[in-house]
Amino acid sequence: MKIVIIGAGKIGSTLADQLLREGHEIVVVDEDQSALDAVNTMDVLTIAGNGISKETQIDAGVPDADLAIAVMSTDEENLLACLIAKKLGVGSTIARVRNPEYSSGMRLIKDDLGLSMALNPELASAAEIARILRAPSAIKIDTFSRGRVELHKVNLPADSPLNGMKLMELGKVQSGVLICAVERGEHDVFIPSGTFELKAGDRISFVAKPRIAAKFFPKLGIKTNPVKRIMLLGGGRISYYLAKQMLEFGASVKIIESNAETCDFLAELLPDASIIHGDATNEHLLAEEGIAKMDAVASLTGIDEENVLMSLYARSVTDAKIVTKINRPTFSHIIKSMDLGSVFHPRYIAADHIVRFVRALQNSLGSNVETLYKIVGNKAEALEFRATAKSAVCGVPLMELQLLPNLLIGAINRSGKILTPGGRDTIEPGDTVIVVTTVTGLNDLDDILDKRRAKA
């Protein structure tokens with residue numbers, strides 16, 4: 001597909017990288033030559049110019065493109081750029097829209113402008129963090145089938161009963177759970193078979209229904225209780241969306257923000273939250289505001305170094321669940337070695353949403369990708385496909401399917417009933433199928449088949 005990305009900032013450059021890996025033809029537009037220079041390290045075409053200019057969009061090939069994605073600095077620019085692209089004849093449009101005041105009218109805006117998708121990275125990030133705060137023992141939680149299935153990532157404690165257990169024995173501990181990925185050390189990632197043996201310190205990702213997952217945590221040797229007292233360091237958009245969700249959940253929320261005008265804005269929108277005007281890097285202020293008594297502390301400023309510093313400090317004075325927002329993709333190996341709790345990258349969360357849309361758009365007549373997450377440090381993917389009557393995998397027992405190596409079928413959703421698949425189970429038309437794999441770029445359910453082995 002030919003995709004024009006209008007805006008070469010953090011999300012624009014991340015999208016260019018990920019969509020290029022998916023095999024698409026990418027054109028990036030931006031007025032800032034230095035931003036384009038950074039993108040030029042990739043195999044993409046760059047156009048210097050104003051993304052809301054008709055002439056610039058024509059130069060970028062928008063009229064012949066399959067998709068235009070507008071991720072400039074303001075919502076208004078993005079909406080206008082998509083409107084112009086649509087008038088020029090582009091196939092589909094995506095706009096980044098972040099202003100909370102636009103949220104309620106987004107459906108009308110989409111319809112009027114012919115938008116295929118409106119993306120709010122901060123809202124998407126807040127939703128992921130909120131899931132973690134409801135089950136704080138998890139490092140990360142992704143959802144499928146409208147919340148009927150969850151993918152949890154946890155650390156296996158040293159005293160866990162599962163230490164030394166082979167996965168084929170897991171059913172004796174808890175049925176309805178499938179461990180689908182294991183990270184060991186800094187570099188090793190496994191899509192495990194039944195003979196795989198777990199070790200203390202492994203970071204395991206497992207698929208289960210929410211109710212089953214809640215039962216499984218104690219059997220892992222992990223205590224889990226939803227958080228009730230939350231401190232958010234930084235009062236940006238993610239903090240606003242997260243505070244709103246957690247207040248609805250019944251939690252007590254305190255936000256510390258250094259900008260007085262932002263504090264006034266938050267106090268007006270979030271009357272049930274405590275808004276503190278102050279420097280969140282001041283340890284005396286944090287102590288006065290009761291950081292040691294919190295159930296969760298989230299470092300959400302726009303500066304990575306501050307977030308890392310505040311999370312490390314919070315870890316030293318409290319047993320609270322720690323959440324850290326990181327914007328830059330660099331030094332990931334150092335970040336991973338630090339005890340920063342659950343680390344979130346808004347740019348990657350946004351990119352996941354768009355990559356999922358692009359794959360479904362590319363294969364609109366087949367078994368579409370309905371959900372996609374990059375997991376285990378972007379080394380694997382968890383995808384949800386919908387099976388159709390044309391799917392070659394339908395009606396065949398799973399034990400007879402010639403699947404790609406390093407691929408696991410994690411769950412089957414059949415009309416709302418979640419099946420933990422066994423060898424004799426089959427996939428039927430209408431099912432949605434959750435797949436975990438280190439093979440990237442799967443667009444269709446039939447892509448899980450190893451066609452070379454099938455021919456042999």
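Lys325 stands opposite Phe344 in strand S17. Strands here (E, at least two residues) and helices (H or I, at least four) are DSSP runs, numbered from the N terminus. The model is predicted, so that local features need pLDDT of at least 70 and side-chain atom pairs count only at pLDDT 80 or more, while totals for chains, interfaces and linings use all residues. Residues are numbered from 1 along each chain as its sequence is written, and side-chain values use heavy atoms, with hydrogens and water left out.

**The parallel sheet.** S17 pairs with strand S16 (residues 321–325) in the parallel sense, over three bridges; pairing requires at least two bridges found by DSSP between two strands. Both belong to an open sheet of six strands, ordered S14-S13-S12-S15-S16-S17 and paired in parallel. Its edge strands, each pairing on one side only, are S14 (274–277) and S17 (342–344). From one strand to the next the twist averages 15°. Axes are lines fitted to C-alpha atoms, for helices over the stretch in contact, and angles run from 0 to 180 degrees between N-to-C directions. Helix H9 (residues 260–269) packs on this sheet, touching S13 and S14, and its direction makes about 170° with that of S14. Helix H11 (residues 304–317) also packs on the sheet; H11 touches S12, S15 and S16, at about 170° to the direction of S16.

**The cores.** A nonpolar core is a set of buried Ala, Val, Leu, Ile, Met, Phe, Trp, Tyr and Cys residues joined through side-chain atoms within 4.5 Å. Buried means under 20% relative accessible area, exposed over 50%, and partly exposed in between (1.4 Å probe, protein chains only). The largest core has 50 residues, and those with the most contacts inside it include Leu133, Phe206, Leu232 and Met246. Among the elements that give two or more residues to this core are helix H6 (121–134), helix H8 (237–248), strand S12 (229–233) and strand S13 (252–257). Apart from it lies another core of 46 residues, Leu67, Ile69, Ile94 and Leu403 among them. Contact means heavy atoms within 4.5 Å. Leaving aside neighbours within four places in sequence, Met246 is in contact with Ala130, Leu133, Val227, Ile230, Ala251 and Val253.

**The helix pair.** H6 and H8 pack with their axes 8 Å apart, at an angle of about 45°. H6 is therefore oblique to H8, given that angles under 35 degrees count as roughly parallel, over 145 as roughly antiparallel, 65 to 115 as roughly perpendicular and the rest as oblique. Residues in this contact include Leu123, Ala130 and Leu133 of H6 and Ile238, Leu242 and Met246 of H8.

**The antiparallel sheet.** Five strands form an open sheet in the order S18-S19-S22-S20-S21, with antiparallel pairing. Strand S18 (369–375) and strand S21 (417–419) are its edges, each pairing on one side only. On average, neighbouring strands of this sheet are turned by 15° against each other, direction ignored. S18 and strand S19 (residues 380–386) run antiparallel and are joined by six bridges; Ile375 stands opposite Ala380 in S19.

**Single residues.** Asn406, in the loop between S19 and strand S20 (407–414), has a positive phi of about 60° although it is not a glycine. Ser415, in the loop between S20 and S21, is another non-glycine residue with positive phi, near 55°. Ala360 lies in helix H13 (residues 346–362). Its C-alpha atom is separated by 7.1 Å from that of Asn443, 83 residues apart along the chain.

| Residue | Relative accessibility | Class |
|---|---|---|
| Ala360 | 18% | buried |
| Asn406 | 46% | partly exposed |
| Ser415 | 79% | exposed |
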